[in-house]
Amino acid sequence: MDLRIKKTKSSIINAFLELRSKKELEKITVKELCETAQINKSTFYTHYQDIYDLSEQLEDELVTSLMNEIRHPENVIENPAAFTRELFEGCLAKGPLIDTLFSGNRSGLLIERIETALKKSIYELYPQFKNDMAQNIKLTYTIYGGYYAFYKNRHYGDEIIIDRIGELLTLLK
């Protein structure tokens with residue numbers, strides 16, 4: 001990618017994240033973003049359809065990055081404790097970006113996207129699970145249950161919660 005394009009996209013993304021950390025997505029305008037990034041509106045529209053397109057691309061990149069950190073997606077089935085540790089350590093490492101991109105009315109989208117990406121990986125490894133109701137329920141329960149249990153109970157300490165969730169999910173195995 002051309003260096004000028006990289007710099008422009010970086011400027012747009014940084015301006016977006018700055019605004020997004022202070023405002024709901026729906027309240028950010030292209031005009032405001034362009035003023036913050038010091039670019040023309042036509043430059044913005046060269047790269048993105050609208051604010052939502054920009055946000056979705058950044059969200060997709062974040063979820064892809066999280067999924068890349070899960071070295072063994074099959075552990076969601078074979079070793080839930082190891083899977084839990086990989087998932088939440090990835091979430092913790094990207095915490096500020098997650099908090100910015102998936103705040104407000106977009107907060108539920110992160111776990112939906114993780115579930116979709118993880119199930120895609122699992123179905124590639126275990127094609128027989130795609131239409132298996134019990135396995136799909138178990139996967140959804142593991143992903144959503146672990147995620148919400150973690151974030152609702154962080155006041156007990158991240159490490160102990162990760163360990164406990166891993167122990168509980170191992171019982172489902």
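**Figure 1. A network of salt bridges links Glu59, Asp60, Arg106 and Arg113.** A salt bridge is a side-chain nitrogen of Lys or Arg within 4 Å of a carboxyl oxygen of Asp or Glu. The structure holds 14 salt bridges. This is a predicted model, in which local features need pLDDT of at least 70 and side-chain atom pairs count only at pLDDT 80 or more, while totals for chains, interfaces and linings use all residues. Residues are numbered from 1 along each chain as its sequence is written, and side-chain values use heavy atoms, with hydrogens and water left out.

**Figure 2. Glu159 and Arg85 meet in a salt bridge.** The N to O distance between these side chains is 3.0 Å. The pair joins distant parts of the chain, with Glu159 in helix 10 and Arg85 in helix 6, 74 residues apart. Helices here are DSSP runs (H or I, at least four residues), numbered from the N terminus. Glu159 is partly exposed at 46% relative accessibility, and Arg85 is partly exposed at 23%. Buried means under 20% relative accessible area, exposed over 50%, and partly exposed in between (1.4 Å probe, protein chains only).

**Figure 3. Helix 6 comprises residues 80-93.** Among the buried residues of helix 6 are Pro80, Phe83, Leu87 and Phe88. The buried residues of this helix pack against several others, including helix 4 (51-69), helix 8 (109-125) and helix 10 (158-172). Contact means heavy atoms within 4.5 Å.

**Figure 4. Asp53 in helix 4 is buried without a salt bridge.** The nearest side chain of opposite charge, Lys9, is 8.5 Å away. Lys and Arg count as positive and Asp and Glu as negative, whereas His and the chain ends are not counted. Not counting residues up to four places away in sequence, Asp53 touches His47 and Tyr48.

**Figure 5. Phe16, Leu33 and Phe44 touch the most other members of the largest nonpolar core.** The core has 46 residues, and its largest share, seven residues, comes from helix 4. A nonpolar core is a set of buried Ala, Val, Leu, Ile, Met, Phe, Trp, Tyr and Cys residues joined through side-chain atoms within 4.5 Å. Leaving aside neighbours within four places in sequence, Phe16 is in contact with residues including Leu25, Ile28, Leu33 and Leu101.

**Figure 6. Ring pairs link Phe88, Tyr144, Tyr147, Tyr148, Phe150 and Tyr151 into a cluster.** The structure holds eight aromatic pairs. Phe150 and Tyr151 form one that is edge-to-face, at 5.0 Å centre to centre and 85° between the planes. Rings of Phe, Tyr and Trp (its six-membered ring) pair if their centres lie within 6.5 Å; planes under 30 degrees apart count as stacked, over 60 as edge-to-face and the rest as tilted. Phe150 is buried at 0% relative accessibility, whereas Tyr151 is partly exposed at 27%.

Notes: Helices (H or I, at least four residues) and strands (E, at least two) are DSSP runs, numbered from the N terminus. The expected span of a helix is 1.5 Å times one less than its number of residues.
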